Amino acid sequence: MNNTQTVSVTYDDKVVRYFMLAAVLWGLVAMLAGVLIAAQMSFYVLNFDTSWLTFGRLRPLHTNAAIFAFVGNMMFAGIYHSTQRLVRTRLASGFLSWLHFWGWQLIIVGAAITLPLGFTRGKEYAELIWPINIAVALIWVVFAINFFWTLAVRNEKSLYVAIWFYIATIITVAMLYIVNHLSLPTSLLHSYPIFGGVQDALVQWWYGHNAVAFFLTTPILGIMYYYLPKAAERPVYSYRLSVVHFWSLVFIYIWAGPHHLLNTALPEWLQTLGMVFSLMLWAPSWGGMLNGLLTLRGAWHKLRTDPVLKFFAAGVTFYGMSTFEGPLLAIRSVNALSHYTDWTIGHVHSGTLGWNSFMAAGMFYWLTPRLWGTRLYSTKLADLHFWLGMVGILLYIAAMWVSGITTGLMLNSVTSEGVLAYPNFLEVVNSVRPMLHMRILGGALFLFGFILMAYNLVRTIRTGKPVTTTVEVPAPERRTAEGMSLAGGLFNAPMLYSVLLVVFACLWGFAGGAVSTVSFVLMVETVLVAMIHLSISGAKWSQWYDRLLESWLPFTVLTLLAVVIGGAIQILPLVFSRQAVDYEQAMQYVYTPLELCGRDIYVREGCYNCHSQMIRPLVGEVLRYGPSGRLGESLYDHPFQWGSKRTGPDLARVGGKYPNAWHFQHFENPRSTSIGSNMPAYPWLYRRTADIGALPEKIRVLRVLGVPFPERSTEQIREEFLAQGREIAGDLEKGGVRISPDKEVIALIAYMQQLGKFKPDAEKQASAD
Amino acid sequence: MKQQTNPEDDALRHHTYDGIQEYDKRLPNWWLFTLYGAIAFSAAYWAYYHWSAHMVPGYVRVERQIEEIQKAALATGAAPTDVQLWRLSGDPAVVAAGQKIYTANCVACHGENLEGGIGQNLVDGQWIHGGKPTDIYNTVTKGVLEKGMPVWGPVLGAARIADVTAFIISKNPTIQKPPEE
């Protein structure tokens with residue numbers, strides 16, 4: 001390099017230090033909450049009969065803290081630290097960096113207060129209430145502006161692969177978050193999602209699956225691409241593997257969401273898409289693992305002494321394991337066994353504990369000594385952390401495999417007589433009690449290791465002082481001449497072939513008849529022509545890509561295109577065309593005011609964390625719970641409550657199965673009606689008076705969203721509510737129980753008793769459209 | 001630890017990022033095979049399932065399966081008679097099995113000593129839905145939905161309902177021995 005002009009750059013590492021320490025702190029909170037809720041499943045008394053300590057409210061706290069507080073802060077630390085160095089410039093705006101930091105911490109505190117109090121949207125990993133949603137979106141935009149602004153003023157021409165993953169993260173999370181959080185408020189603290197029933201299910205799992213992809217995976221891959229070669233002091237294994245696995249990963253990931261809804265009432269074509277795209281995701285995921293592990297070639301001996309590399313190597317290995325397990329679980333027949341069981345929980349934790357937390361630990365151990373200009377306080381302690389964590393994860397996931405497969409097999413098992421082999425749900429739950437205990441042990445070991453890390457880092461920091469890094473970098477040449485225009489990014493041979501391929505593939509897949517046949521031929525031809533063209537002009541194409549890497553805007557637009565396609569094709573047909581949904585001869589009744597009130601209590605208490613409302617078309621389930629779920633039955637449910645885990649039985653058809661008195665006793669003390677149950681008791685439902693005053697506005701909002709509630713005055717709503725409440729209270733009185741008809745438990749019983757009631761859909765089209 | 005390989009293969013890309021260098025290795029063949037294999041399989045799977053005329057909605061498929069299973073079950077066993085149930089109630093092994101089923105499924109509503117609660121008393125000699133052994137058997141099998149008694153037939157199956165009926169009979173001195181056929 002014979003450029004004599006240099007500029008002096010001082011990196012902004014203070015905000016990196018803050019984000020890192022916040023990640024450690026929130027990591028402790030998230031894991032502590034995790035161990036507590038795991039223990040609650042074994043020992044119900046740990047729910048303490050206290051509303052804000054029950055499992056249904058704390059489980060969202062655990063997941064949100066782990067994802068958004070722990071991994072979020074860790075990601076921001078890694079992105080801000082590595083990006084400044086990879087593009088050789090200081091973060092564009094100190095103000096935005098600190099707004100980002102404090103805004104994010106405030107959001108977390110808001111979540112930690114509202115979730116235990118029962119303020120929730122009732123959608124997994126999207127529970128936070130609408131004012132916080134808006135804050136998250138705004139702070140995310142602050143992050144995006146700060147990041148892209150930094151790219152715009154960079155002193156390094158070309159964008160390294162880590163930056164590609166950061167770009168994909170920022171734009172995709174923004175898209176997912178905003179769409180899945182679209183809501184209409186009914187009050188300052190409550191809102192209904194604008195999507196309902198199957199639409200809500202589809203949007204939710206498009207979001208839920210890709211939150212894992214673009215919040216827990218792509219940013220960490222970017223972090224891997226910076227810190228792993230740094231720590232190993234080895235070159236990255238393969239640049240072209242980076243290119244291929246990046247683009248295939250971001251394009252394919254988005255399509256795989258419906259695998260969370262396999263064997264439900266979701267239309268078959270969506271289920272099939274969810275399954276096959278999950279299978280196709282296997283290789284792109286392993287591309288990342290390969291590039292990580294093979295970069296360690298020539299550095300394996302360092303693993304013995306360097307805790308950083310130990311954590312990275314194990315983290316990447318767990319990434320490989322869980323991205324193999326993912327496609328496996330997305331196979332329809334495997335999913336019939338695994339879905340709703342602990343197997344899914346184990347799968348998630350091999351990702352979050354094995355991949356996220358281990359990569360985080362490696363990064364923390366690498367960063368801390370460098371950011372505070374000192375040496376790690378104790379390598380031995382870090383080693384101990386590693387082994388405690390490793391044993392903890394293995395105990396955890398092994399317990400969940402055994403528990404998941406055992407309960408899955410038992411619940412689906414049908415005797416030759418044509419009846420359930422294990423008719424009693426609690427017998428099945430209690431058969432895996434030892435596994436639940438083992439999970440607590442695994443989680444506690446992992447937490448203990450993490451505490452050791454926190455201690456180690458604090459001691460390290462005490463021996464050093466915050467370091468300010470200033471480097472001399474070559475002054476940038478004016479990029480204007482070489483930078484690629486947006487048109488240059490969009491109109492060129494590789495793009496043309498990709499677009500044609502997607503178009504022909506979609507026509508082949510969806511059009512049917514002659515169009516499909518012709519499209520198939522065209523698709524094959526496009527591949528052939530593209531391959532021939534590549535063999536002739538491969539060098540030119542890679543030049544084009546090199547130039548694309550020098551232009552962040554076209555790169556970002558192409559990434560956005562890649563992630564938009566899948567969701568658009570899956571979701572738009574269901575949103576814009578009611579005809580696309582076959583309601584399957586079942587049509588939900590519109591809730592009465594009392595039932596609606598009960599449903600909101602069901603959502604508030606987080607019942608969906610343990611109970612599904614979707615009977616799958618499997619023999620065992622139909623025998624146990626009744627006819628399988630139809631789309632029309634949850635049509636008016638904002639949000640849908642199909643659930644994703646059964647610690648308790650499915651409730652889709654529980655209405656009318658038990659008398660009111662049974663439910664009344666059950667909520668007060670679940671063990672009085674269900675011996676051996678691990679469900680929390682809900683004594684406050686008997687004390688609290690239902691919020692009748694909120695109902696008129698709630699009903700008005702639902703009417704706006706298309707639910708055909710009859711027109712009623714506030715007074716009529718109140719009267720109807722009390723009339724139905726008195727009916728239930730009167731029925732309870734026959735059994736010698738006296739309770740006021742406006743207590744919350746009455747509303748919840750009313751909701752329970754109408755679950756599973758529907759009418760044939762003949763009259764439906766008229767009323768819905 | 002320098003490895004001896006094809007020197008061209010080990011060429012580094014000219015650009016470095018904050019000191020990080022990159023090889024440009026060929027993609028491993030087995031990895032490419034996995035990628036292409038998954039794509040080919042997915043296309044074939046889609047073609048087979050999405051375009052197959054045999055594809056029926058899940059709820060129709062499962063109803064057919066259950067119909068077949070229940071037909072087969074019907075062919076193998078008929079409902080027990082009063083006499084058979086009475087005899088079972090004298091078999092300690094059957095009664096013990098029935099008691100287990102009772103404890104797991106019935107106790108919550110009918111009480112530990114069959115004294116009733118949410119559900120009816122089963123030892124007071126009063127039978128709203130009939131007190132013959134087969135009446136009890138049928139009540140358990142078909143349930144009494146309007147009174148909150150669930151349908152146990154498809155859940156427990158004939159054999160276990162016979163066991164639990166035998167247990168209930170054994171606790172009820174008021175039930176008369178049916179005349180032998």
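Me: What scores does the predictor give the complex?
Reply: This is a predicted model, and the predictor gives the complex an ipTM of 0.91 and a pTM of 0.92.

Me: And chain B, what is its mean pLDDT?
Reply: The mean pLDDT of chain B is 84, with 89% of its residues at 70 or more. Among the elements of chain B, the highest mean pLDDT belongs to helix 1 of chain B, at 92, and the lowest to helix 2 of chain B, at 79.

Me: Where does pLDDT stay under 50 in chain B?
Reply: That happens over residues 1-8 of chain B, for which the model has 3 contacts beyond four places in sequence.

Me: Switching to chain A, which domains is it divided into?
Reply: The assignment gives domain 1 (6-458), domain 2 (486-580) and domain 3 (587-768) of chain A. The centres of domain 1 of chain A and domain 2 of chain A, taken over C-alpha atoms, are separated by 29 Å, and 25 residues of domain 1 of chain A are in contact with 16 residues of domain 2 of chain A.

Me: Which helices supply the domain 1 side of that?
Reply: At least two residues each come from several helices of chain A, including helix 4 (130-152), helix 6 (197-215) and helix 9 (268-295). The residues on that side of domain 1 of chain A divide into 21 nonpolar, 3 polar and 1 charged.

Me: Why call helix 6 of chain A largely enclosed?
Reply: Because 18 of the 19 residues of helix 6 of chain A are buried, the rest of the structure largely encloses it. Its length also agrees with expectation, because at 1.5 Å a residue helix 6 of chain A should span 27 Å, and its end C-alpha atoms are 26 Å apart.

Me: Last one, is B:Ser170 buried or exposed?
Reply: B:Ser170, which lies in helix 8 of chain B, is buried, because 20 other C-beta atoms lie within 10 Å and the cut-off for buried is 20 or more.

Me: What does B:Ser170 touch, not counting residues up to four places away in sequence?
Reply: B:Ser170 touches B:Ser89 and B:Val95, while B:Asp91, 79 residues from B:Ser170 in sequence, is 9.3 Å from B:Ser170 in space, C-alpha to C-alpha.

Terms used. Residues numbered from 1 in each chain as written. Chains lettered and ligands numbered in written order. Predicted model: local features only at pLDDT ≥ 70, side-chain atom pairs only at ≥ 80, totals over all residues. Domains from an automatic or database assignment. Contact = placed C-beta atoms within 7 Å. Helix = DSSP H or I, 4+ residues; strand = E, 2+ residues; numbered from the N terminus. Nonpolar A, V, L, I, M, F, W, Y, C, P; charged D, E, K, R; others polar. Expected span 1.5 Å × (residues − 1). Buried ≥ 20, exposed ≤ 12 C-beta atoms within 10 Å, placed from the backbone. pLDDT = per-residue confidence, 0-100.
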